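Thanks, everyone. I'll keep this short. Please have a look at the model on the screen.

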Amino acid sequence: MTAALPPAQGRLRSLAPLVVLTAAAGYFLLPLWWLFVASTKSRGDLAVTPGLWFSDLALFGNLKDLFTHEDGVYVRWLVNTALYAGLGAALATLFSAMAGYVFAKHRFRGREAAFGVVLAGVLVPPAALALPLFLLFSSAELTNTYWAVLVPSAVSPLGVYLARVQVEAAVPDELIEAARMDGAGEYRIFFAIVLRLVRPALVTIFLFQSVAIWNNFFLPLIMLTDSDLYPVTLGLFSWNTQVLGDPDLTRLVVAGSLVSVVPLALAFVSLERYWRGGPLAGGVKG
Amino acid sequence: MVSTPRRRLRPLIAMLVLSLLALAACGGGDDASESGSACAPSGEKVTIDFWSWVPGIEHAVELWNEQHPDIQVNLSKVPDGRAGTYQNYNNAIRAGRGTPDLGMIEYDRLPDYRLQNALENIGPCGAAAARDQFVDYTWPLVTFGEQDAVYAVPEDTGPMVLYYRADLFEQYGIEVPRTWEQFAQAADEVAARGNGAHLTNLAPVDFGGWFAALAWQNGARWFDWDDEGWTVTIDDEPTRQVADLWQQMIDNGDLSEVPTFTEEWNRALAEDQLLSWVGAAWGGKLIELGAPSTEGKWAVAPLPQWQEGAQASANWGGSTYAVFEGSDHPYEATQFALWLNTHPESVAILNEEGGAYPAAADGTRLPALTGPQPFFGDRDIYQVINEAAGNIDHDWVWGPTMSTTFSTLEDEMAGVLDGAQSFRDALDATQRETVEDLQAQSLTVTER
Amino acid sequence: MTGHASPAALRGGRRRSRTAIAGFLAPFALLFLATYLVPAGYALYKSFFVVERDGPFGTPHDVFGGLSNYTKALGDSEFLRGIGRMLLFGVVQYPLMVALALVLALLLDTRSARLQRLMRLIYFAPYAVPSVVAALMWGFLYSPGLSPFTEGPGGLGIDVDFLGTHAILWSIANVVTWTYCGFNMIVLVTALQTIDRDLYRAARVDGASDWQIVRHIKLPLLRPALVLITVFSIIGILQLFTEPQVLSTLTGSITSDYTPSLAAFNEAGANNYSYAAAISMILAVVTAVLSTVFMRIAWRNR
């Protein structure tokens with residue numbers, strides 16, 4: 001785009017934005033850099049050596065202790081997290097797509113009212129929902145099981161909204177009509193045509209929901225007591241609350257935090273290439 | 001958004017109401033069976049659900065499980081009570097199911113659960129007979145002075161002492177303060193050097209329990225109850241005296257505002273910025289691991305006194321194990337709780353790995369708690385702590401809504417440290433809000 | 001904010017498609033009912049109750065108390081101050097964050113695909129950092145004695161108490177910005193990518209400058225995405241909870257009722273569930289009103 005400009009001016013013009021972009025990258029990376037540096041330090045060095053630079057290398061000792069503490073429960077937490085965030089988000093994506101498709105392409109009584117209720121679902125703060133959710137799951141004897149986290153994780157009002165917007169934008173009515181003429185059933189239409197056309201939206205919903213599940217340690221906190229069922233966030237949180245009994249846990253919390261960020265970063269990188277021109281592009285319709 | 005005729009919403013509303021009714025019905029399960037003679041041993045193999053947040057406790061549980069094949073303990077390592085587990089107890093109590101057989105509760109929270117009638121009286125299960133095995137002053141805190149009743153087994157305690165840097169005291173030319181007046185004077189002297197060092201720190205984080213203990217030392221009594229209801233006197237004269245002293249140090253700029261137990265605190269300790277800490281028995285390990293570079297330089301003295309020559313101390317922190325109402329195996333749970341907190345091997349594990357200073361009377365004989373302590377320059381600090389434990393007033397009573405009391409006090413203290421209000425204002429506000437909260441809980445508050 | 005009614009709806013096979021509608025909607029609808037509507041309904045229901053005991057030491061149980069929790073909340077100056085604080089927070093933090101996200105998105109839009117991908121990853125990374133970890137990191141960077149910006153080891157010596165009463169709101173704002181800016185930027189970048197590049201070419205032929213293209217083509221087309229971001233932010237800011245909650249272990253400046261959500265959480269924790277529910281309902285209404293008013297305005301001035 002700058003090709004038409006004289007070279008010198010062009011270089012300057014493209015340099016300034018680059019500086020801004022790099023500075024922003026520094027801002028976003030700074031705390032993560034601290035985390036990396038901190039996880040290489042021994043307990044005593046953590047507080048007294050400069051936070052943004054290394055001191056004696058204790059990284060491997062920290063990692064070894066992290067993976068062996070309490071019989072290696074940390075590994076279990078990682079697996080649980082993958083299960084909650086992976087399976088929960090996959091279900092949420094599928095259910096959102098199905099519901100979003102209905103809201104977009106089928107007319108039924110009370111459709112807009114129901115959709116409004118779905119959107120209003122996010123208005124009540126989670127602090128108020130914790131107790132009733134617990135009571136509900138308790139009466140079904142599902143507290144302290146994988147279900148207690150998976151079931152609420154499979155719901156995403158935002159996902160339904162995004163799916164609806166994207167189906168409206170990307171799936172022409174004529175296509176559905178034509179498929180129906182050819183004798184395709186509703187399920188076939190949905191799975192063979194609609195899902196394929198809204199794939200970028202599905203990746204987005206999946207990604208957002210898995211991050212949401214991953215970040216939400218409040219739900220597992222009230223639902224789970226068996227630490228074998230914890231996701232990694234709750235596990236780290238739990239250790240962090242026990243540092244008064246054993247200050248050495250701080251070391252493990254820091255190393256555990258660093259390790260926990262890695263899988264999600266990998267997931268994001270691997271999904272990134274499927275994720276073009278997302279459904280948010282359409283935004284809110286009038 | 002689109003407005004829709006109301007009737008279209010009707011099916012939705014009907015469904016909602018139905019499920020609500022179902023939920024409301026399952027919520028009020030507090031008519032639990034009153035099995036009075038529950039303390040009989042069940043005679044068969046049982047499993048006890050057990051919640052605790054003490055690091056390393058799994059090793060004590062393993063030991064018990066090996067030795068007691070018929071009473072297996074199923075441990076859940078849960079987050080610290082105030083960080084979520086207390087709320088989980090509350091939720092489970094409301095749901096009428098899901099409380100463990102045995103759960104960890106700090107002393108100051110016991111009355112809360114007692115008043116929800118959520119605790120089993122384990123006196124008949126063997127706990128009453130075990131009275132002599134525990135440090136004296138813990139007993140009223142787990143029995144509430146009720147006849148023949150015991151509601152929890154004490155795990156650990158926190159007799160308070162003064163941790164101080166022997167080397168720095170010498171360097172600054174400060175005598176170890178025997179009275180609070182001397183303490184305040186020393187704080188002033190250290191601050192006057194202007195080199196950034198302070199005698200000690202004060203911050204509104206983790207402040208409530210600490211301040212309550214200092215009031216306790218001075219003979220304050222924040223709560224009391226009789227058949228009529230509760231009396232609340234958080235702003236009583238002894239408490240005000242404590243507040244005034246710290247107010248004076250705040251006003252003179254004598255205190256560091258570094259929050260205790262944070263990395264920042266560790267650094268201040270390591271960099272010789274803090275000369276002392278008014279702390280509890282379990283705190284030695286925190287200094288040792290937080291500021292390892294200060295090895296050999298610490299010493300311990302009795303808490304400064306309000307009257308020259310007195311020997312009063314107080315208790316900060318500590319936990320108990322309570323059997324929850326509805327447990328099928330209160331007898332076995334009690335047996336385990338007693339073993340856990342009195343058996344030398346178990347007590348040693350809880351001390352070694354969990355930093356617990358034992359509530360068991362014999363706990364003070366643990367090898368780790370006797371003789372010279374290398375980190376403390378080979379001083380026998382536990383002798384001082386032990387004596388402090390013997391000088392704690394037995395009359396202290398915790399209130400039924402301590403979470404509100406402490407959070408109000410801590411909220412108000414932020415304003416005190418900012419100079420927006422006085423410490424006495426903070427006490428008044430805490431008194432007022434505590435009374436209001438008791439009333440909101442439908443507890444009767446009687447005039448003093 | 002609804003879509004247009006779809007004309008494709010169902011001429012043939014009405015019954016078959018009805019079953020299909022039900023089948024498609026059922027999983028979401030049932031789960032939504034169980035995890036959102038019923039709990040919210042329960043909270044609303046319980047917000048009209050108060051605690052009562054038989055005698056001074058009886059077991060507590062809930063009895064109907066009318067609007068008393070609501071009148072108490074509306075007369076609670078700390079709660080109202082909390083709402084006010086969130087409004088102030090929103091008025092300052094939200095524009096800054098969106099401006100930053102917008103600038104980054106616009107700058108990235110004209111960069112090479114490789115750089116774009118790298119930067120998107122970096123900017124988005126904080127969103128994936130769990131709040132517990134984020135607080136740990138920022139707590140360190142904020143603590144006066146540890147921070148590399150202030151007087152911590154090897155620090156720059158800037159004299160700001162990030163955790164003091166005056167700065168703390170903006171320190172929280174920084175954590176929120178750090179966490180969500182990348183998310184918002186991604187929303188904007190993806191929106192920009194759907195714009196037909198021919199529009200730019202045509203504008204350039206007409207002699208439009210870069211700035212004019214931004215002003216007259218990109219910004220108007222970003223409007224829907226910006227509206228979406230704003231609604232998210234209104235909800236997110238009014239419900240602000242995790243960041244202050246985790247930072248509160250480091251400073252007394254964050255009181256137990258610093259934000260309305262924090263107040264609800266702490267009241268629930270202190271066994272005052274009904275009062276917590278009433279607070280939450282008031283907060284939900286404020287959120288709904290603000291979001292609706294905003295959307296009305298946003299779509300009227302189109």
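The model is predicted. The annotation comes from an unreviewed UniProt entry. That entry places transmembrane regions at residues 21-45, 86-109, 121-141, 167-192, 221-241 and 275-299 of chain C.

Take two of those stretches. Residues 21-45 of chain C are 100% helix and 0% strand, with the end C-alpha atoms 31 Å apart. Residues 86-109 of chain C are also 100% helix with 0% strand. There the end C-alpha atoms lie 33 Å apart.

Next, the contact between chains C and A. Chain C puts in 84 residues, and chain A puts in 87 residues. On the chain C side, elements giving two or more residues include α1 (14-46), α3 (77-109) and α11 (273-300). The largest share of that side comes from α1(C), with 18 residues. What classes of residue make up the side of chain C that touches chain A? We get 64 nonpolar, 18 polar and two charged residues.

Last, over to chain B. B:Arg114 sits in helix α4, residues 110-115. Buried or exposed? B:Arg114 counts as buried, because it has 22 C-beta neighbours inside 10 Å, and the cut-off for buried is 20 or more. Leaving out residues up to four places away in sequence, B:Arg114 touches B:Leu119, B:Phe144 and B:Tyr151. B:Ser276 is 162 residues from B:Arg114 in sequence. In space, the two are 37 Å apart, C-alpha to C-alpha.

How values were computed
Residues are numbered from 1 along each chain as its sequence is written. Chains are lettered from A and ligands numbered from 1 in the order in which they are written. This is a predicted model: local features need pLDDT of at least 70, side-chain atom pairs count only at pLDDT 80 or more; totals for chains, interfaces and linings use all residues. UniProt positions are given in the numbering used here, feature names are shortened, and annotations may be inferred rather than shown by experiment. Helices (H or I, at least four residues) and strands (E, at least two) are DSSP runs, numbered from the N terminus. A residue is buried if 20 or more other C-beta atoms lie within 10 Å of its own, exposed if 12 or fewer, and partly exposed in between; C-beta atoms are placed from the backbone. Two residues are in contact if their C-beta atoms, placed from the backbone, lie within 7 Å. Ala, Val, Leu, Ile, Met, Phe, Trp, Tyr, Cys and Pro count as nonpolar, Asp, Glu, Lys and Arg as charged, and the others, Gly among them, as polar.
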